[in-house]
Amino acid sequence: MFSLSHFLVVSATLWGALGLPATSDSSQFHPKSGLNLAAKRAGKLYLGTATNSDQWNDTTYFNILKDDAEFGQVTPANVMKWFATEPEEGVFTFQDGDIIADFTRKTGKLLRGHNCVWYNQLPEWLVNGTFNAPDLAFIVSRHCFNLVNHYKGHVWDVINEAFNDDGTYRSDIFFNTLNTTYIPLALYAARAADPKAKLYINDFNIEGIGAKSTALKNLIKQLQADGVPIDGVGLQSHFEVGGVPPTLQQNIEEFVALGLEVAITELDIRFTAVPPDAAGVAQQNKDYETVIGACNAVEKCVGVTLWDFTDKSLRQYSWIPGTFAGQGDACPWDENFVKKPAYTGIIEAFNTRNH
């Protein structure tokens, strides 16, 4: 009679002959999980995060960041902005940005350049200068060319936050001096610096259909008609819990219909009061799932970037507490680097194939 003990001995012998362990190991049977792996299995290029290199001394943070299963792309949160890269007129400094660029090169992660032209975080020489239109046009072109030329081969947020919420152009040093001409100037300079770069316009409150997203679509149509290079639109996606626009997927589809790719570039979903209750946590989970699901449903929505991944309260980890008093807890990991239900919502949304 063939006994159970005999069966176990034979089984162990067969496992050994095949070079497999006699004892079970769940990792042998279940593929490794993670946000980036889930995104890539869904056909996206990446799931990534913003970061600052001064956070990397925190070994827990850094070990999560460098894990390719979790993150396949990085956006420098600050060190490629104008104040950091051209602190004096015509004097370019790339050492801080190079730290992050070198990290992505060594780890094989994608890099998103952020950003060329933005009204905020400008150096004093530019803010306090009195430049006429030809001078400022040269300054914009020179800055964009040198920045993109130094970091070739990447995606770039060339224009950042050009519009007011009502669809009018933002009043700033660039628009007030150059009107809308600074936009094609910047895009042409970036294309000249790197013909292979993907050039984006990036903004917030353009995620749903409305005055601001319509104004951006009209700008893109005009740029295309004029032969100005433009490859994509970045939807920043800084949301409040319960505030994801219901037209998000339709809006992504409308941008794609213009011949562009789309990326979710700065995703976080914050509570307007903390700590949240159980219902709020469940809603945040649902909201993350909704955003990821909308991107997952549209082939040319190429990837998603979190605007950092942990609620750790220091300002360099999450910008929200320092910007919106009393608000926060917006990220998929909590302040102790514990995965929240929102993390699961992201995974589940990528695992649901809508296309």
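## Charges over rings

The charged end of arginine 112 is placed over the ring of tyrosine 200, 4.3 Å from the ring centre. Arginine 270 lies over the face of phenylalanine 324, with 3.9 Å to the ring centre. A charge sits over a ring if NZ of Lys or CZ of Arg is within 6 Å of the ring centre and within 35 degrees of the ring normal.

## Model and overall content

This is a predicted model, in which local features need pLDDT of at least 70 and side-chain atom pairs count only at pLDDT 80 or more, while totals for chains, interfaces and linings use all residues. Residues are numbered from 1 along each chain as its sequence is written, and side-chain values use heavy atoms, with hydrogens and water left out.

The protein has 15 helices and nine strands; these are DSSP runs numbered from the N terminus, helices being H or I with at least four residues and strands E with at least two. Among contacts (heavy atoms within 4.5 Å) with a separation of 6 or more, 78% are between residues 24 or more positions apart.

## Aromatic pairs

The structure holds 20 aromatic pairs. The ring centres of tryptophan 82 and phenylalanine 174 are 5.8 Å apart and the planes are at 25 degrees, so this pair is stacked. Tryptophan 82 belongs to helix H5 (residues 82-85) and phenylalanine 174 to helix H9 (residues 173-178), so the pair ties together parts 92 residues apart in sequence. Both tryptophan 82 and phenylalanine 174 are buried. Rings of Phe, Tyr and Trp (its six-membered ring) pair if their centres lie within 6.5 Å; planes under 30 degrees apart count as stacked, over 60 as edge-to-face and the rest as tilted.

One aromatic cluster is formed by Tyr61, Phe71, Phe309, Tyr317, Trp333, Phe337 and Tyr343.

## Tyrosine 343 and helix H15

Tyrosine 343 is found in helix H15 (residues 341-351) and, at 7% relative accessibility, counts as buried. Tyrosine 343 and tryptophan 333 are ten residues apart in sequence, and their C-alpha atoms are 7.2 Å apart in space. Leaving aside neighbours within four places in sequence, tyrosine 343 is in contact with Gly34, Leu35, Glu70, Pro332 and Trp333.

The buried residues of H15 include Ala342, Ile346 and Phe350. The buried residues of this helix pack against helix H3 (35-41), S1, H13 and S9.

## Strand S9 and its partners

Six of the six residues of strand S9 (residues 301-306) are buried, so S9 is largely enclosed by the rest of the structure. Strand S1 (residues 46-51) runs parallel to S9 and is joined to it by four bridges; strand S8 (residues 261-270) also pairs with S9 in the parallel sense, over four bridges. Two strands pair if DSSP finds at least two bridges between them. Within S9, glycine 303 is the bridge partner of tyrosine 46, and alanine 263 stands opposite glycine 303.

S8, helix H13 (residues 278-296) and S9 make a right-handed β-α-β unit. Right-handed means that, with the strands pointing away from the viewer, the path from the first strand over the helix to the second runs clockwise.

## Helix H10

The twelve residues of helix H10 (residues 182-193) should span 16 Å at 1.5 Å a residue, and the end C-alpha atoms are 16 Å apart, which agrees. The expected span is 1.5 Å times one less than the number of residues. Buried residues of H10 include Tyr182, Leu187 and Ala193. Among the elements that the buried residues of H10 pack against are helix H8 (133-150), strand S4 (155-160) and helix H11 (211-225).

Note on methods: Buried means under 20% relative accessible area, exposed over 50%, partly exposed in between (1.4 Å probe, protein chains only).
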